[in-house]
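Subject: Structure for your files

Hello,

Please find the structure below, with the sequence. My notes on it follow.

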Amino acid sequence: MRQTRRDFLRHATLAACAAAIPQSAFAATPFEDLIAKVARRQLLPDTYPETEIWGYDGLVPAPEIRVTQGDRVRRRFRNEVPDPSSVHWHGIRIDNAMDGVSGLTQEAVAPGGTFDYDFVVPDAGTYWYHAHNRSYEQVARGLRGALIVEEVDGPDIDREEVIVLEDWLLDPESGQLFDNFEQPMMMSHGGRTGNFITTNGRYDLTLPAQRNERIRLRIINAASARIFPLRLSGFSGWTVAVDGMPTGQPQSVDGELILGPAQRVDLIVDVTEDEGGTAQLLRIGDDDQLTPLVSFLVNGTASSVPRGKPLPLPPNPAAHAPDLADARDLRLVMSGGAMGRMQSALLGGERLGFRQLAQAGKFWALNDVAEMTYTPLADLSLNEPVRLKIENQTVFPHAMHLHGMHFRELRPDGAFGPMRDTILLAGNESREIAFTADNPGKWLFHCHMLSHAASGMTTWIRVT
């Protein structure tokens, strides 16, 4: 996934908004196949057998899709896995019919079936795509990959690396995935957290580097529940985007970075490690033990002196903060889980006690409802501003993801945080987000600890 400097001039004609380009201009663009299939890949060291996975085109991670801002993505999804499936294009401000949510925006594609995804990417940034039917199982089996949208005029870097972080829950004897995807303990606690981590499909990813080389790291947490605390070693770095959206002025990376499930971060880093040494992207374990996710072997010097602070990335369209003077106030209360205070919740229109909910595979609730409902959390008018207070009344963290739009955290001092599509809340923490409902359709809002979403933490918003 290494990328050298690109000649962006060839994309100059796409600099304007893609909506201004006649639809006929794309008539001859063919669909490329994206095939979900069962395959075997070497995830563990070579002394173990290959692991059976589900992968797009049979690969782990899936093939990287790389386009330029304003381009059109056309993929013919072919389902060759045993279960119905669909593809969600995570973080893209997309036409609702292309969002890939089984049961809300489309029917799941049956085994042997196809579905044509055809959409324009309005924003540059680091995004990803993954299965969105029984995603707590299908993503954990491997149906996930990077979707990179390049700026028309990109940053001054020597190269970039896309870093896809995944984890797997493997039987140490057979090397195969445990198939207990609906195990109640995992669903009612932190979610399905793997016991084996890969980076770009490798447990020992090693890449070359040079001293004073400037690299853009696009880091994607594609795990189904794991939170990655990260640290740099042998680099100086700046955060330039989160969840694909530019942060404005680059922020110096000091200490650890926290990346919840489905979140992304773009870093511009300079290699400060001496020649012959190793620079690393490290994971901080529960016991503060540092484990390398990627090792960069430093050989040679790219420049005799380091560069200065990088310039900001160009802003994406609709990056302005919402005007909250007449905003709609909404509230979302998260409850349930092990060691929680939820006594009962609504399921199928009937109030059930926690034991009955657990027997039905429901351990969580949003606003006292333990399932996806026919009635949305809110009916919003197009371009209506919204303030949404999220109260996590559980003891577990949750990564809440909004489809189709981006939001900003509204901080206690009234300041706005950066734009993003997924926000991580700690146990018993409340946060407030604000956004403009600028994309018509039915948009899912759910926890991206995917087993939590399947067992109660899913709702939706309608924009008309």
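I start with an open sheet of 5 strands, ordered S12-S20-S19-S14-S17, in which the pairing is mixed. Strands are DSSP runs (E, at least two residues), numbered from the N terminus, and two of them pair if DSSP finds at least two bridges between them. At the edges are strand S12 (206-211) and strand S17 (257-259), each of which pairs on one side only. From one strand to the next the twist averages 30°; axes for such angles are lines fitted to C-alpha atoms, and the angles run from 0 to 180 degrees between N-to-C directions. Inside the sheet, strand S14 (residues 228-233) and strand S19 (residues 278-284) are antiparallel and share 4 bridges. Leu232 stands opposite Leu281 in S19.

Before going further, the conventions: this is a predicted model, in which local features need pLDDT of at least 70 and side-chain atom pairs count only at pLDDT 80 or more, while totals for chains, interfaces and linings use all residues. Residues are numbered from 1 along each chain as its sequence is written, and side-chain values use heavy atoms, with hydrogens and water left out.

Two loop residues come next. Asp288, in the loop between S19 and strand S20 (290-301), has a phi near 65°, a positive value in a residue other than glycine. Its relative accessible area is 60%, so Asp288 is exposed. Asp243 lies in the loop between strand S15 (235-242) and strand S16 (245-252), and its phi, near 50°, is likewise positive in a residue other than glycine. Asp243 is buried because its relative accessible area is 0%. The classes are buried under 20% relative accessible area, exposed over 50%, and partly exposed in between (1.4 Å probe, protein chains only).

A second open sheet has 4 strands in the order S4-S9-S8-S6, again with mixed pairing. Strand S4 (65-68) and strand S6 (87-90) are at the edges with a single partner strand each, so one side of each has no neighbour in the sheet. The twist here averages 20° from one strand to the next. S4 runs parallel to strand S9 (residues 144-150), joined by 4 bridges, and Val67 stands opposite Val149 in S9. S6 runs antiparallel to strand S8 (residues 125-131), also over 4 bridges; the bridge partner of His90 in S8 is Trp128.

In a regular strand the side chains alternate between the two faces of the sheet. For S6 both faces are covered, with Val87 and Trp89 on one side and His88 and His90 on the other, all buried.

In the loop between strand S3 (51-56) and S4 sits Pro61. The peptide bond from Val60 to Pro61 is cis, with omega near -15°.

Now the cores. A nonpolar core is a set of buried Ala, Val, Leu, Ile, Met, Phe, Trp, Tyr and Cys residues joined through side-chain atoms within 4.5 Å. The largest has 66 residues, and those with the most contacts inside it are Tyr56, Trp89, Ile92, Phe119, Tyr129, Ile390 and Phe435. Another core lies apart from it and has 28 residues, among them Ile163, Leu165, Phe235 and Val253.

Phe435 touches residues including Leu380, Val386, Met405, Phe407 and Ile461, not counting residues up to four places away in sequence. Contact means heavy atoms within 4.5 Å. Leu380 is in strand S25 (residues 378-380) and counts as buried because its relative accessibility is 2%. S25 runs parallel to S33 over 3 bridges, where the bridge partner of Leu380 is Val463. Of the 6 residues of strand S33 (residues 458-463), 5 are buried. S33 also pairs with strand S32 (residues 441-447), antiparallel over 6 bridges, and the partner of Phe445 in S33 is Thr459.

Last, the domains. The assignment, automatic or from a database, gives domain 1 (30-148), domain 2 (157-299) and domain 3 (326-461). The centres of domain 2 and domain 3, taken over C-alpha atoms, are 27 Å apart. Their contact takes 21 residues from domain 2 and 23 residues from domain 3. About 1,700 Å² is buried between the two, with 64% given by carbon and sulfur atoms; buried area is the accessible area (1.4 Å probe) that two parts lose on being put together, summed over both. In domain 2, Met187, His189 and Met245 lose the most area to domain 3, together 29% of what that side buries.

Regards
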